[in-house]
Every structure is written in C-alpha cells, then in structure tokens.
Amino acid sequence: MTTQVAAQDRGDGDPTRAHTGSRATRGLGLVVLAGLVALVLLAFFAAPPDDEQGDAVRLIFIHVPSAILTYVAFFTTAAGSAMWLWKRSSWWDITAHAAAEIGVMFCALTLFTGSIWGRPTWNTYWDWGDVRLVTTLILFLLMVGYLVVRSSGGDDPAVSTRAAIVGLLAAINIPIVNRSVEWWFDRTLHQKASLTDGKLEDLTLFTLVFGLVVGLLFFVWAMIHRFRVGWLEHQARAEDLDEALEARRSEAAAAGSSASGGEA
Amino acid sequence: MNRGVVPGGSVLAMAIISLTGVVALLGRFPGLAGVDLTVEAGEVVLIHGPNGAGKSTLLRVCAGLLRIESGHGQVLGHDVRSERPAIRRSVGLLGHDTALYEDLTVTENLRFWARASRVEEAQVPTALDRLGVPSRIHDVAVRHLSAGQRRRTALAAVVVRRPRLWLLDEPHAGLDAGGRDLVDALVKDASSAGATVMLASHELDRTVDLATRHLAVAGGMVVGDHGPEVDHAR
Amino acid sequence: MLADIAAVAGKDLRIEWRSRVTASQVIPFAALVLVLFGFALDANRPVLERATPGLFWMTVLFVTNLAVQRSTSIETSDGARRALLLAGIEPVAVFVGKALAVAVELLAVEIVLVGGVLVFYGAEIDDWGLLVLTCVVATMAVAAAGTLLGALVAGIRARETVLPILLLPVLAPVLISATRAFDDALGSVAVQGWAWLGLLAGFGVLNSGLGALAYGVLLEET
C-alpha cells in the first residue's frame, strides 16, 4: 500500500520529530514559489491587455486556473469519498479531506477573482441570473458544509462516512444542476470556450497555460503536506488504540488470574 | 470446531455464535479487546463481570448492532462483518434502553415491531399477556409508563419475535419479584424450545441455576468459561 | 416493501399527529414568517408581488428544517434508532416512509401558506394546475433531500446547526426552480413555468435516488 509514503519521512522513527516535509517537497515548494513569481510577472506585465476588457483581463490568469483546480480538487474529494465508502480505505479518506480543504480555498479564490473581474466586464460584481456563478457558490457552500461535518465529531469513522456522502452529493448534484439549467434555459454570461476559438494572443494563451501548470504544482505540493498531516494523525490514533487495547487486555489478565482458582 | 452436542440431545448442531479475536470500539475505547467465543444451540450462557467489563458490548456485537474493528465470526450463520442486517433481523435483544417509541402506545409499538419482523399481529396481545402487561395500559403512550412497565413491554417485543437467539442485557433490572420470576420462566421456555440465550447479569444467585454455562468477562475479554453440563474451559 | 413503507410513514405521522407540533407550532411559525416578510416589503406593493414566489419557498425551506429536525429526533430518542435497526426493515423502505411523512406535513403547511399568500400578499393564481403540481413535485424533492440529510446529521452533537448548513445549498436548485414555476403560476413574471417544473421533477428524482442509495449506508454506520 501507499502507507509508507509518509512513514519514511517521520524523522528516523522519533515521533517528536515527525514532520511533513522532505527533500522532494522542499524542491517542489521552491519550484512553485518561483512559478508564482513568474506568473505574476507574466500576468501583470508581460501579457498584453485585452482589446475589449483592457487590464481587467489579467485577472483570468488567476481566475481560470483556480476554477479548474477547484474542480480537480473536488473531483479528488469525490473519488476519495467513493473509495472510503467502497473499501473503507483510510488513505483515500484522508486524501478526500485534504483535497476538500484545498478545494474550498481555490473555490473562494475563483469566486473572489470572478466577481472582481465581473465588475468592469459585466458591470456587476454578482449576477444571480448566471448559472455558473450560482452553482459555483452552491458548490462552495456545500463543501464548507463538508468541512463542518468533518470537524463535527473527531476521528469517528462515522464522520468519514457522513462527510463522504456530502462529498459525493456535491459531486453528483452540482454538474447536473449546472448542465441542466444551462441546457434548458441557456442562462449564462460566461463566454463559451474562448480558449479554443483562436482569438487569444499567443502570450496570453501561454500565460494561461503556465498559470494552470503552476496552480497544479501548488495543488500537488499542498496535497502532499495536508495528506501527511492527516496520515500522521491517523497513525497517532492507531498508536493510541494499540495502547488502549494493551491497557484493556492487562485489565483482563489481572481479572483472569485472580479468578482462575475455580477453573480447570 | 464449530460443531458439538446439544445438551440433552444428540443432534449435531451448527454453532449459533462463533467469534474469533473480535475487537469492537466504542468511539476510541476498545469495548471488546479480543473475544473468542463459541456458543451452541440450546445453551443458556450467563455473562457476568464488573461494570465496564464489556458485557453489553459483547451482546451488541452478537446482535449485529456494532461494527467490529478486527477479528471475525458468525452469528446464526451470518457473518458479523458483512451480514449485520441479517443478524439484526433474527435476534431478540433486550438492551439497557427499551427501544420503544415514546409517543406511541404499548400496542402500537408492538404492532410496528410485529409488522417489521414479519410476525402475525395477533401475537401481540398474547405476548403482552405473557409478560403480565395489564390491558388497561395497552393504549397508554410509552412515555407515561413506569420503568418496570416499560421493561415488560420491551420484553414482550422480544417475545413477539420468537427469536432463535435471545440476548438479554440485565433482564431483571427494574422489575418487581413477579417480573423477575417471569424473566426466569421466559428463559427456561426459550431454551426448552431450542433457542439459545445469552444473558448479562449481576444477579448471580438468581441466574446461576438458570444457566448451562458461565462466562466471566473482564477488560473486554472472556476470562473464565465453565458450566455445569458442558465444560468449555481451556 | 409497500407495507413497510406504510408502517414507517404511519408511525411517523401518528407520532407527529399526537404531539400536535405541526398544527400548533409549525403552521403558526410559517404564517408568522410570511407576515414578517409582508411587514418588511409591504411599503412597496409591486416588489411584494414580484417577490411572493420566492418568499413562499423561503418559508417552506424554514419549515423543512423544522420538520426534518422533528423527523430525525423520533429515531434518535431513547434507543428508538436501535429499534429501527433491529426491526430489520429495508433501509430504502425506511427512507421512503420517513420522506413521505415529512412530505405530508410540508404539504399541509403549504396549503396554509397558499392561503396566506392569497390573503396577505394579494396574489392571484393564473394556473392552478401548475401551482399544485409544483407544490407536490418540489415537496417530494425537498422531503427526500431533507430526510437523507436528517439521517446524516443524526449522530452529530450540534445537529441543529449543521442541518441547515447542508440543507440550504442542497435545496437551493430545487427552490430556484420552484420559485420560477410559481412566477408563472402566479403570473408575477412571464417565464416558462412548465419547463421549470420539468427541471424540478428531475431534481426530485435525483434527490430521491441519491437518498435511497445513501440512507442505508448512514443507517448502518452506528
């Protein structure tokens, strides 16, 4: 299993030195940092302003990658939730939790940059008639609900099951709601597939893709750390359980030896 | 070795309960810390031990109410991990709490129970009669009953089912002298009809003669196992 | 199966009827919410008329929260949850039975609310068929999602606060569609009400299906 992933980084078996970093993650972290600096330079200085939107277009270099990563994260949560329900795999359970936390952050960033961008381009921060906006908000609220459920009862496996059902509910509900309303009523201000119709400048396109790559690397980096925190908690609990079992068994042994007089 | 001779008969019987290394958690606390147990058809097993020993937890595992953390086993031929619904459907459990709906009357509760258990509703008055629940309270909401009356009603719900495995947690608690005698009679009848009974009790002087086997539980494990007829000591 | 559903629904409704909470507390609460919305918006009659469908369904949402809390507490008190498990009724039957009971309660409240909207808000109904069907279909969707989430929060200590946090986003699409359908039925805004009703039916089927699948998993997690 993948259980060794975190175990080997636990500082020579000394639990007080357990940490979530490793040489690889530090390297990855530096790459992400450099990438973010490069992305800022590209997005705010190098890329040309849009013909219609002017400088406001620069926000999409954050908005679009974070929107895509929101979906990647919540898809991971859904997959992890399904695997927990199917196999009761703690590895997947922790993955689902980690992805949900990071996904909520990306989702907030998406909503935030989207509404700032909406002000100059659609002339409003928020439009209740836009299906994609509203469904993203609902998704955000549902995943906040997921985290609330997660924090509601410690490490009881029942908590994992409840959260997993919320995660799957969100993953199944949201796309269906989104697709069906757009399909039935065609209600969105979002431009469709502007990436593919060739209108974008080369450098704009490059910056977009670059932003996506940096975002993805950041996601992986954050996932590794968040997962390892979860995994260490999981291991600590397993050790606690072993201790509790040990205590319980010695209780039994004491009672057994004192009562063994009457036994054959 | 899941087969053995039923006390008082020569029929080869399947083990009604067989548990191996069963660990069950109550939250983070190991209620059962590794239980090995085989119970055969027709046995009356008395479980005793100090408070917090794991008696109730053992009964809940046998009833299919608690997920087990490790180990394996079968109850009434159903796996204790994967077939808990089937186990729950076939056992009769009297727990600490009475598992009755407070706002429904005695009769309504038992009717619901009978319908869910696929038993003729005509059995309901018989069972209530058997437990000495007077007909004047048949149509009283459970919330207005005394503790003893609730207990009798809950026992009637077990009787209605005619289970092959009776799991009784402190069945004498809260009952008057007549009620206690009634419980003893129920256990005897059930066992002579071929059913298996597990009962957890502190009332050793009462139950010692009733049981065919004594199980001492402590620290979430079986620490003593012997009986007048079948010797299970290891 | 049908007998089990009837047994569960009958039990819940009987308990509800006996406690009189729907009649003596939930309906007055719903009427009060409606009146309060009226106070808030009455200064501007056209706005009130325009907002009537939304206010109606907001009120239903509040009531749903209460009804689901009640329905869940039936099974969490004094070992009753254990009774349901030991009784051995198929989880799907439990789910459908409990959802039906909630739906019946909600429909009773909605009848009162329709009356309230006619009297207090001066609403006029253009299309009774659309109105009634919307109520029935939306209530089905709401009751299904509510029953599932009720079971989901049943074991949580702070379930009174967690339930609405989950309930509101899950039900938002249902409420939006129901509101649009009402826009048409009350003639307050010209929209394709029947199309929204179709969408609503889709959400109803979706919620019921997911609920039926997940309810057993939750019931098993003791």
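In what order do the four strands of the open sheet in chain B run? The order is E4-E3-E6-E7, and the pairing is antiparallel. This is a predicted model, in which local features need pLDDT of at least 70, side-chain atom pairs count only at pLDDT 80 or more, and totals for chains, interfaces and linings use all residues. Residues are numbered from 1 along each chain as its sequence is written, while chains are lettered from A and ligands numbered from 1 in the order in which they are written.

- Strands (E, at least two residues) and helices (H or I, at least four) are DSSP runs, numbered from the N terminus.
- Two strands pair if DSSP finds at least two bridges between them.
- Strand E4 (29-40) and strand E7 (78-79) of chain B are the edge strands, and each pairs on one side only.
- Strand E3 (residues 15-26) and strand E6 (residues 68-75) of chain B run antiparallel, joined by six bridges.
- B:Ile17 has B:Val75 as its bridge partner in E6(B).

- A residue is buried if 20 or more other C-beta atoms lie within 10 Å of its own, with C-beta atoms placed from the backbone.
- Five of the five residues of strand E9 (residues 165-169) of chain B are buried, so E9(B) is largely enclosed by the rest of the structure.
- On one side of E9(B) sit B:Leu165, B:Leu167 and B:Asp169, on the other B:Trp166 and B:Leu168, and all are buried.
- Strand E8 (residues 91-94) of chain B pairs with E9(B) in the parallel sense, over four bridges.
- B:Leu165 in E9(B) is the bridge partner of B:Val91.
- E9(B) also runs parallel to strand E10 (residues 196-200) of chain B, with five bridges joining them.
- In E10(B), B:Thr196 is the bridge partner of B:Leu165.
- From E9(B) the chain crosses through helix H6 (residues 177-192) of chain B to E10(B), a right-handed β-α-β crossover.
- Right-handed means that, with the strands pointing away from the viewer, the path from the first strand over the helix to the second runs clockwise.

**Contacts between chains**
- Two residues are in contact if their C-beta atoms, placed from the backbone, lie within 7 Å.
- Chain A brings 14 residues into contact with 17 residues of chain B.
- The contact between chains B and C takes 22 residues from chain B and 20 residues from chain C.
- H3(B) gives the most to the side of chain B that touches chain C, with five residues.

Technical notes:
Buried ≥ 20, exposed ≤ 12 C-beta atoms within 10 Å, placed from the backbone.
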